[in-house]
Amino acid sequence: MKVRYESFGGIIGLEKPESLIFADKSFMKKMGYLHSDLWDAKQKRLSAPTEIHFSLTGECNQNCQHCYMNSGPNKGNEDLSFDEVIAFVDEVAEMSVFHMALGGGESLLRSDLFEIAKYIRKKGMVPNLTTNGTIMDENIAKQCNIFGQINISLDSLSLSQEQMRDTVDINTIIKSIELLKKKKNKVGINSVVNRYNFGEIENLVQFAKKYKLQDIEFLRLKPQGRGKLVYDKYKCTPEQHLEFFPLLIKLSKKYKISLKMDCSYVPMLCAHNPDKKLLEQFYIRGCFGGDMLASVSPSGDVSPCSFASPSHYKANEFKKAWNQSEIFKKFYTWEEKAPEPCRSCPYLEISRGGCHVVTELVTHDFFAPDPDCPRVVEWRNKK
């Protein structure tokens, strides 16, 4: 168990069962945590992120069309050195960050990956890994025990010509999953949803159930990196966005498996008028960028989320970026400038305007409403 004070009380991090519990002051006191200077503060924002997405390398053995990092072969020349990575880990450990999600590129191509992961553990944080699943062997699978969970990127089980990822034999993915599970690793899937694989979502859920995977996290396509070039072709239709949340509910009940969606999908959830108290109880929120979440690129650029433009700060200035960056401030104060129809939306504090990265890159206005939010689409159609 790991505990961090916050202005409202504190956050309790557990690995078994995996959870972050937001506790009020009275609960903290019952646990023996009697006082913090933060309790006298009035800030709404967290004192530090709960999770940092750290892209360890730009090197990748694939060259996927929608890669938001522009990763690929021979693109790891600007990666932080081992000593620079360790210095960054030390800084965020002092801020009591709970999780560090390691990705790339393909992080398994870094020879020092497991040494880095062990150091993250030593500093009291849980490292997780995202991989394309193409270079797994028994030795690597055994070393992966250091991670809380390993997520394999998989968008489709078919070899459709409309796939955004480089073609990978599904048997290669299955072999990687079996090797990881044989070594008692927790394994899940990350899947980027687009208009062409939308109809295959149930097939992916069946696949995850068959191989007894931990969960699937569905990610919304972002127009960042090479994704800018294919966004208009692959982005989901308004009808698919509206159908998405009911489909996940249906499939999670049918297959009894955990299905997750990234925070950019919260507007699609709110379009169905869910119970606000229930959403608040489980801390369901829209954009976490600059609040619960921050990101560091392979070269050390710090940003509010993996898809956002970088701040002017580097990894060795992370704490300063968190407290002083204007780009971070734009993210966590967005609600104060929310335009219509967001300002009148009963779910404003939950949806938080949707995905600001998609909004800025599509509309060229960071403070505009998310153009894919079903409520925004309806509002514009009426106008």
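# Close-up views of a predicted model

**View 1. Lys 75 sits in a loop.** Lys 75 has its place in the loop between strand E4 (51-55) and H2; helices (H or I, at least four residues) and strands (E, at least two) are DSSP runs, numbered from the N terminus. Before we go on, note that this is a predicted model, in which local features need pLDDT of at least 70, side-chain atom pairs count only at pLDDT 80 or more, and totals for chains, interfaces and linings use all residues. Residues are numbered from 1 along each chain as its sequence is written, and side-chain values use heavy atoms, with hydrogens and water left out. Lys 75 is partly exposed, with a relative accessible area of 41%; buried means under 20% relative accessible area, exposed over 50%, and partly exposed in between (1.4 Å probe, protein chains only). Leaving aside neighbours within four places in sequence, Lys 75 is in contact with Gly 58, Glu 59, Asn 70 and Arg 226, where contact means heavy atoms within 4.5 Å. Lys 75 and Asp 90 are 15 residues apart in sequence, and their C-alpha atoms are 26 Å apart in space.

**View 2. Three strands form an open sheet.** The strands follow the order E1-E2-E3, with antiparallel pairing; two strands pair if DSSP finds at least two bridges between them. Strand E1 (2-6) and strand E3 (18-24) are the edge strands, and each pairs on one side only. On average, neighbouring strands of this sheet are turned by 20 degrees against each other, direction ignored. For such angles, axes are lines fitted to C-alpha atoms, for helices over the stretch in contact, and angles run from 0 to 180 degrees between N-to-C directions.

View 3. E1 and strand E2 (residues 9-15) pair in the antiparallel sense over five bridges. To trace this pairing, find Lys 2 opposite Gly 13 in E2, and then Arg 4 with its bridge partner Ile 11, also in E2. A hairpin with two residues joins E1 to E2. E2 and E3 are antiparallel too, with seven bridges, and Leu 14 has Ser 19 in E3 as its bridge partner. Two residues lie between E2 and E3 in their hairpin. Five of the seven residues of E2 are buried, so E2 is largely enclosed by the rest of the structure.

View 4. The peptide bond from Lys 16 to Pro 17 is cis, with omega near -5 degrees. Pro 17 belongs to the loop between E2 and E3. Look for Pro 341 in the loop between H12 and helix H13 (348-351).

**View 5. Helix H3 has a buried side to explore.** In helix H3 (residues 113-122), the buried residues are Leu 113, Phe 114, Ile 116, Ala 117, Tyr 119 and Ile 120. They pack against helix H2 (82-94), strand E5 (99-103), strand E6 (126-131) and helix H4 (138-143). Just after H3 comes Gly 124, with a positive phi of about 85 degrees.

**View 6. Ser 176 is a buried residue of helix H5.** Ser 176 is found in helix H5 (residues 170-182). Its relative accessible area is 3%, so Ser 176 counts as buried. Apart from neighbours within four places in sequence, Ser 176 is in contact with Gly 133, Met 136 and Ile 152.

View 7. Asn 273 is exposed, with a relative accessible area of 54%. Tyr 283 is partly exposed, at a relative accessible area of 24%.

**View 8. The second largest pocket has 31 lining residues.** Among the lining residues, Tyr 68, Met 69, Ser 297, Ala 308 and Pro 310 lie nearest the centre of the pocket. Strand E12 (302-303), helix H12 (326-332) and helix H14 (356-363) are the elements that give two or more residues to this lining. On a 1 Å grid over the protein atoms alone, a pocket is an open set of points where a 1.4 Å probe fits, with protein on both sides within 12 Å along at least five of seven lines; lining residues have an atom within 4 Å of a point. The second largest pocket holds about 620 Å³ of space.

Methods. Points joined across faces, edges and corners; volume = space filled by probe spheres on them.
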